[in-house]
Amino acid sequence: MKRWIQDISIRILDIFGAALGIILSIIPILIIAFLIKREDGGSVIFRQRRVGKNGSYFIMFKLRSMVEGSEDLWSRLIEHSDVEGMFKMHEDPRTTNIGKFIRKHSLDELPQFWNVLRGEMSLVGPRPALIKEVESYDERSQRRLTVKPGITGLWQVSGRSNLSFEKMIDLDLEYIQHRTWWLNIIIMVKTILLIFPSEKNGAY
């Protein structure tokens with residue numbers, strides 16, 4: 001019963017937080033959309049299939065930060081990933097000029113408030129995994145799929161892109177074990193403080 005109440009309280013927090021996030025992000029999204037269009041005339045929203053709670057699939061929304069057709073180039077770059085176990089590159093050649101800025105400040109993730117409102121994601125949780133990543137998960141890593149993925153999470157406020165895959169899993173499982181609405185608020189506050197990152201904690 002306690003866990004059920006906890007899940008309900010987190011869902012209520014998600015609904016109100018996502019609704020507020022959508023309202024506050026309308027103007028930034030419009031400005032970024034204009035800059036994306038001005039740079040290459042391509043689509044503004046990037047849609048990608050990700051793995052959610054209990055292995056279910058959903059379409060995650062992001063502001064496009066890479067060139068059109070970037071997923072077609074992914075297979076050529078996967079072996080150059082800077083983080084073992086998931087795809088991360090410090091200097092991804094697919095990233096556009098405006099994309100470098102919005103990725104550094106995590107502004108590309110603003111449309112994910114809609115994923116939260118739809119119940120596919122949470123404001124806080126493990127990073128939404130790629131299908132290819134999940135295919136290589138061991139039993140321990142699979143445990144991160146027992147909750148909804150989040151826009152932000154414990155690993156994002158504990159080192160972000162500078163952490164190893166194993167450390168990310170450790171932090172995700174630690175979050176799942178101690179998950180409460182109050183912990184979510186603490187993580188969200190820390191995330192806001194990281195909107196203007198330094199060279200050490202910036203995302204890529």
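This report walks through the fold of one predicted protein model, from its overall layout to a few helices and strands.

**How to read it.** Residues are numbered from 1 along each chain as its sequence is written, and side-chain values use heavy atoms, with hydrogens and water left out. Because this is a predicted model, local features need pLDDT of at least 70 and side-chain atom pairs count only at pLDDT 80 or more, while totals for chains, interfaces and linings use all residues.

**The overall layout.** The protein has eight helices and five strands. Both kinds of element are DSSP runs numbered from the N terminus: helices are H or I with at least four residues, and strands are E with at least two. Along the sequence they follow the pattern α-β-β-α-α-α-β-β-α-α-β-α-α. Of the 204 residues, 46% count as buried; buried means under 20% relative accessible area, exposed over 50%, and partly exposed in between, with a 1.4 Å probe and protein chains only. Among contacts (heavy atoms within 4.5 Å) between residues at least 6 apart in sequence, 72% join residues at least 24 apart.

**Helix α1 and its partners.** Let us start with α1, which spans residues 2–40. The table shows how its axis meets those of two other helices. Axes are lines fitted to C-alpha atoms, for helices over the stretch in contact, and angles run from 0 to 180 degrees between N-to-C directions.

| Helix pair | Axes come within | Crossing angle |
|---|---|---|
| α1 and α3 (residues 97–104) | 9 Å | roughly 150° |
| α1 and α8 | 9 Å | roughly 35° |

The crossing of roughly 150° makes α1 roughly antiparallel to α3. On this scale, angles under 35 degrees count as roughly parallel, over 145 as roughly antiparallel, 65 to 115 as roughly perpendicular and the rest as oblique. Here Ile32, Leu35, Ile36 and Glu39 in α1 meet Asn97, Ile98 and Ile102 in α3. The residues of this contact divide into five nonpolar, one polar and one charged. Ala, Val, Leu, Ile, Met, Phe, Trp, Tyr, Cys and Pro count as nonpolar, Asp, Glu, Lys and Arg as charged, and the others, Gly among them, as polar.

With α8, the α1 residues Gln6, Ser9, Ile10 and Leu13 meet Trp181, Asn184, Ile185 and Met188. That contact has five nonpolar residues, three polar and no charged. Aspartate 7 also lies in α1 and, at 29% relative accessibility, counts as partly exposed.

**Helix α7.** Residues 165–178 form α7, whose 14 residues reach 20 Å from first C-alpha to last, close to the expected 20 Å; the expected span is 1.5 Å times one less than the number of residues. Its buried residues include Phe165, Met168 and Tyr175, and what covers the buried residues includes β3 (122–124), α6 (139–142) and α8 (181–193).

**The sheet.** Three strands form an open antiparallel sheet in the order β2-β1-β4, with β2 and β4 (129–130) as the edge strands. Two strands pair if DSSP finds at least two bridges between them. β1 (residues 45–51) and β2 pair over seven bridges and form a hairpin with five residues between them. In the turn, asparagine 54 has a positive phi of about 60°. Across the pair, isoleucine 45 stands opposite leucine 63, and arginine 47 opposite phenylalanine 61. Five of the seven residues of β2 (residues 57–63) are buried, so this strand is largely enclosed by the rest of the structure.
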